[in-house]
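Q: Please take a close look at one part of this model. How do its elements pack and pair?

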Amino acid sequence: MAAEIPRYITLPSGTKYPVIGLGTFTIFNATGDPGAVFEAVKYAIDIGYRHVDAARVYGNEGEVGDAIQAKLDDGTIKSKKEIFITTKLWDTHHNPKDVKENTMKSLKLLRVDSVQLFLLHWPFGFKDGDDMFPKDKDGNVIFSDHDYVDTWKAMEELVDAKLVENIGISNFNKAQTERLMKNARIKPCNMQIEIHPYFSNKKLVEFCQSIGMSVTAYAPLGNAGRTWKNAGEPHIFDEPVLQEISKAKGKSITQVVLRFHLQRNLVVIPKSVTPSRIKENFDVFSFSLTDNEMQKIWSLNKNLRFYGEPIAKDHKYYAFHDEF
């Protein structure tokens, strides 16, 4: 009998947050164009997903919105509110006076009046505007100096205006999170960070959970399709430990890894545009891992971060110089 894992967690506001969502970051169309995302979201909703993770910078909020509309039109869902939507404020929109306008653009693309969760995508800002990666003549990204605390205060006003139900953060470190907590009128309810077997992010996860923040794992499988993968970097499908547990459970390695995260009380947002994988990623509630199996997967951790965002490493608000 599988240990029961709830299908939802409840955010402090009372909003129900499904523990599995469909990720939509296709690495700027390298692993799926917007049309593929449109089809993926429709299929995911058809088979029971009720959570889609989006972002302005992914360039496909419009396709996500169109897919949800299509599922409303064909009667699969009765209301768009049935779909928990996360989207994110991009680095070039950190100027507090621009936050509402850019949120409205996201809502228009998503074809909704509000989203359930709105995240500050990174703590650092780039030069204001709609060029997502503004560069100088030498090809370096141009930074902005906006303080993420000021950006956050503008995000709090989005909650007041009922444009977003909940606000959270992504890719922050512990010190930045503590500083934000001290200065926030509405505390961040969620942290979205890189977590996979090679990067357990254990200390940051435990810190967030200890202060009542839910944690969402992006790249929960390590995103082997990332375009910047280096030769020799490990791959979960090559791990004997995972092969052994997969065989014992009669489940795929992907399902074993996602179940591992769920048993850590994490929310997961695996990305795929392939129907069979989208379905496989959702089928993780019928089995459970023993303490011994969990321990074996924990042992794969190498503190190996794949999403270091090196283009921002010289920004004063870059988060990853700290241990966690």
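Helix packing, then a strand

A: Helix 7 passes helix 10 in a left-handed crossing (the near helix is turned anticlockwise from the far one by less than a right angle; clockwise would be right-handed). Helices (H or I, at least four residues) and strands (E, at least two) are DSSP runs, numbered from the N terminus.

This is a predicted model, with residues numbered from 1 along each chain as its sequence is written. Local features need pLDDT of at least 70, side-chain atom pairs count only at pLDDT 80 or more, totals for chains, interfaces and linings use all residues, and side-chain values use heavy atoms, without hydrogens and water.

The axes of helix 7 (residues 240-249) and helix 10 (residues 291-298) come within 10 Å and cross at roughly 155°. Helix 7 is therefore roughly antiparallel to helix 10 (over 145 degrees; under 35 is roughly parallel, 65 to 115 roughly perpendicular, the rest oblique). Axes are lines fitted to C-alpha atoms, for helices over the stretch in contact, and angles run from 0 to 180 degrees between N-to-C directions. From helix 7, Val241, Leu242, Glu244, Ile245 and Lys249 meet Glu293, Lys296 and Ile297 of helix 10 (contact: heavy atoms within 4.5 Å).

Now strand 9 (residues 167-170). Ile167 and Ile169 point one way, Gly168 and Ser170 the other, and all are buried (under 20% relative accessible area; over 50% is exposed, in between partly exposed; 1.4 Å probe, protein chains only). Strand 6 (residues 117-120) pairs with strand 9 in the parallel sense over 3 bridges (pairing takes at least two DSSP bridges). Phe118 has Ile167 as its bridge partner. Strand 10 (residues 190-194) runs parallel to strand 9, joined by 2 bridges. Here Ile169 stands opposite Met191.
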